[in-house]
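Please read the notes below with the sequence and the model open beside you. They go from the whole chain to single residues.

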Amino acid sequence: SNPDFSKNAPGLYFVQMDQTRWWEQEIPIGGPIQKGQLLTYNLTELIKPESYLVRLTPITRYGEGDASERTITYREFHCSFEEEALCSFSQDKSDEFDWIRQSGTKEGTTYTPNTGPSSDHTGSSQGFYMFIETSRPRLEGDKARLMSPTFNINTKSVSSSSASNNPTYCFTFYYHMFGKHIGALNIFLRLKGQMLTDTLIWSLTGNQGNYWQQARVNIHPTTTFQVVMEGVRGSGIEGNIAIDDVTIEEGECKDSPMGNQYAILYFFLFLFPFIFLFCFYFLLFM
Ligand SMILES: [Ca+2]
Ligand SMILES: [Ca+2]
């Protein structure tokens with residue numbers, strides 16, 4: 001007999017590996033569901049461990065069905081702001097204004113000419129990014145803070161030779177700061193110990209040109225942490241600051257792969273005349 005989900009909701013249980021506690025959530029189902037229908041559900045309250053064990057139990061009118069389990073592992077956080085859920089980034093409520101999610105096409109948004117990117121970091125005008133709108137009623141010095149989801153530190157990955165006992169993470173993002181009234185972009189590491197402490201880990205002020213650039217910062221959180229991205233309004237309306245493609249990865253920041261490609265290219269361009277001369281010499285005189 002076909003299970004009937006219409007009366008009850010499947011139960012979703014998940015456990016953070018290395019911890020013993022199960023969280024339990026009920027997934028609300030709007031109406032009867034069809035065979036083969038894809039249901040999606042976002043787990044939002046997670047703090048980042050190495051992996052989760054997720055168990056899904058259907059609850060039908062006849063009782064609980066067979067549960068299925070799956071382990072979900074991830075080591076890297078990446079947010080390109082393509083989804084409205086913002087990868088569980090959240091807006092600070094104690095500041096003056098909010099970051100806005102927008103694509104290069106800027107449909108349905110107010111737009112100050114000559115500032116703000118025409119495409120997201122990937123070059124797509126359909127791609128989304130986050131930005132601060134600095135036209136009225138914003139005033140100089142107004143701040144908008146965007147807070148990352150909360151991450152657990154992975155104490156197991158620490159090498160024994162390391163002097164400190166805390167793992168290193170590489171935090172990267174792309175920024176676009178173009179306009180004559182650009183204020184500042186400040187990045188804080190927020191430690192969520194017994195007290196909240198914010199430490200400034202990166203800051204840039206003023207016009208940086210009409211293109212996306214990447215910032216890379218090694219961070220050394222000692223406890224559960226968030227990264228807070230703060231845009232500060234400058235002296236006028238041409239000061240939209242945009243960000244995109246935020247990542248947090250275990251380990252130290254590496255050189256960008258682009259840099260390495262250029263290094264290899266320059267190496268061969270440098271060698272080419274010598275190779276050419278050698279071949280020429282070989283053909284003529286050997
Ligand atoms: Ca994007
Ligand atoms: Ca805000």
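1. Basis of the note. This is a predicted model, in which local features need pLDDT of at least 70 and side-chain atom pairs count only at pLDDT 80 or more, while totals for chains, interfaces and linings use all residues. Residues are numbered from 1 along each chain as its sequence is written, and chains are lettered from A and ligands numbered from 1 in the order in which they are written.

2. Confidence. pLDDT is the predictor's confidence in each residue, on a scale from 0 to 100. For the protein chain the mean is 81, and 76% of residues reach 70 or more. Strand β1 (residues 11-16) has the lowest confidence, with a mean of 61, whereas strand β11 (residues 143-147) has the highest, at 98. Residues 1-8 have pLDDT below 50, and this stretch has 17 contacts in the model beyond near neighbours in sequence. Residues 158-162 also stay under 50, and there the model has two contacts beyond four places in sequence. A contact here means that two C-beta atoms, placed from the backbone, lie within 7 Å.

3. Overall make-up. The protein chain has one helix and 17 strands. These are DSSP runs numbered from the N terminus: helices are H or I with at least four residues, and strands are E with at least two. Of the 286 residues, 20% count as buried, that is, with 20 or more other C-beta atoms within 10 Å of their own; 12 or fewer makes a residue exposed, and anything in between partly exposed, with C-beta atoms placed from the backbone. Among contacts between residues at least 6 apart in sequence, 73% join residues at least 24 apart.

4. Strand β17. Which strands pair with β17? Strand β7 (residues 76-79) pairs with β17 (residues 241-250) over four bridges in the antiparallel sense, and F77 has I248 as its bridge partner. Strand β10 (residues 128-132) is also antiparallel to β17, over three bridges, with M130 opposite I243. Strand β12 (residues 169-177) pairs with β17 in the antiparallel sense over eight bridges, and there Y174 is the bridge partner of D244. Two strands count as paired if DSSP finds at least two bridges between them.

5. The open sheet. Five strands form an open sheet in the order β8-β11-β16-β13-β14, with antiparallel pairing. β8 (90-91) and β14 (196-205) are at the edges with a single partner strand each, so one side of each has no neighbour in the sheet. Within this sheet, β13 and β16 pair over eight bridges, and L189 has V227 in β16 as its bridge partner.

6. The core. The largest nonpolar core has 31 residues, and M130, F131, Y175, I241 and I243 have the most contacts inside it. Such a core is a set of buried Ala, Val, Leu, Ile, Met, Phe, Trp, Tyr and Cys residues joined through C-beta atoms within 7 Å. Two or more residues come from each of β10, β11, β12, β13 (184-192), β16 (225-232) and β17; β12 gives the most, with six. Leaving aside neighbours within four places in sequence, I243 is in contact with Y129, M130, F173, Y174, Y175 and M229.

7. L196 and F225 are 29 residues apart in sequence, and their C-alpha atoms are 9.3 Å apart in space.
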